[in-house]
Amino acid sequence: MRGVDILLMVNTGTDAVPVWTAVAGQRNATLAEESETIDITSKDSQGAFEYDYGFYGWTIDADGVYVKDDAGYQELKDAIRNKQKIKVRIQEEGVATEEGMALVTSAEFEGAYDAEVTYSVSLQGTGKLETPSA
């Protein structure tokens with residue numbers, strides 16, 4: 001699979017009637033998932049540490065070339081400014097693979113005088129990241 005086939009999508013519709021819109025100009029996207037561990041070692045652990053899963057979390061970082069009036073980017077900007085959660089989706093080769101609610105924790109806009117205008121965003125997942133139903 002090529003990296004160009006991975007898209008960050010945002011819901012520009014409603015919860016009842018979602019409209020999935022790609023964030024235009026995207027170049028890179030990183031989905032990171034992690035689970036904390038809980039130390040459950042006891043005297044019965046035969047001298048070895050034992051662990052179990054604790055809380056789970058996920059983040060998405062993306063960047064790209066800014067496209068003026070792009071609905072996907074505008075939705076991210078509105079979410080951080082209005083302190084609203086946003087529903088996001090990862091799409092691979094045209095198929096939705098991951099979906100969840102997120103907070104936009106940072107949105108950067110860079111306009112260097114001798115280069116293209118770019119953006120970067122960071123999203124903090126809230127709740128589980130799910131496989132969307134068909």
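A polar contact of 2.5 Å links the side chains of S45 and E50; the term covers a pair of N or O atoms within 3.5 Å, where, within protein, one must be able to donate a hydrogen and the other to accept it, and residues adjacent in sequence count only if both atoms are side-chain atoms. The model is a predicted one, with local features needing pLDDT of at least 70 and side-chain atom pairs counting only at pLDDT 80 or more, while totals for chains, interfaces and linings use all residues. Residues are numbered from 1 along each chain as its sequence is written, and side-chain values use heavy atoms, with hydrogens and water left out.

S45 itself sits in the loop between β3 (26–39) and β4. With a relative accessibility of 7%, S45 counts as buried, a label for anything under 20% relative accessible area, with exposed being over 50% and partly exposed in between (1.4 Å probe, protein chains only). Setting aside neighbours within four places in sequence, S45 is in contact with I40 and E50, contact here meaning heavy atoms within 4.5 Å.

Now for the overall layout. The protein chain has 1 helix and 7 strands, taken as DSSP runs (H or I of at least four residues for helices, E of at least two for strands) and numbered from the N terminus. Starting at that end, the order of elements is β-β-β-β-α-β-β-β. The C-alpha trace spans about 60 × 40 × 35 Å along its principal axes. The radius of gyration of the protein chain is 18 Å, whereas a compact globule of 134 residues would come out near 14 Å; this radius is taken over C-alpha atoms, and the globule rule is 2.2 Å times the number of residues to the power 0.38. Buried residues make up 28% of the 134 residues. Of the contacts with a separation of 6 or more, 60% are between residues 24 or more positions apart. The chain exposes about 8900 Å², with carbon and sulfur atoms supplying 48% of it; accessible areas come from the Shrake-Rupley method with a 1.4 Å probe, and for residues only the protein chains shown count as cover.

What about the way the strands pair up? Two strands are said to pair if DSSP finds at least two bridges between them. β4 and β7 do this in the antiparallel sense over 7 bridges, with T59 standing opposite Q124 in β7. β6 and β7 also run antiparallel, joined by 10 bridges, and A107 has V121 in β7 as its bridge partner.

β5 is paired with β1 in the antiparallel sense over 5 bridges, and with β6, again antiparallel, over 7 bridges. V88 shows both pairings: V10 stands opposite V88 in β5, and G100 in β6 is the bridge partner of V88. β5 is mostly covered, with 5 of its 7 residues buried. Among the residues that V88 touches, not counting those up to four places away in sequence, are L8, W20, W58, I60 and L123.

Several of these names come back in the largest nonpolar core, which has 18 residues; L8, V23, I60, L76, I86, V88 and L123 have the most contacts inside it. Such a core is a set of buried Ala, Val, Leu, Ile, Met, Phe, Trp, Tyr and Cys residues joined through side-chain atoms within 4.5 Å. At least two core residues come from each of β1 (6–11), β4 (51–65), α1 (71–81), β5, β6 (95–110) and β7 (118–130). β7 gives the most, with 4 residues.

R89 is also part of β5 (residues 86–92). It counts as buried because its relative accessibility is 15%. The side chains of R89 and E99 are joined by a polar contact of 2.5 Å. Beyond four places in sequence, R89 touches residues including L7, L8, M9, W20 and P132.

D69, in the loop between β4 and α1, has a phi near 65 degrees, a positive value in a residue other than glycine. D69 counts as exposed because its relative accessibility is 70%. E93 is found in the turn of the hairpin formed by β5 and β6, which has 2 residues between the strands, and has a positive phi of about 50 degrees. With a relative accessible area of 52%, E93 is exposed.
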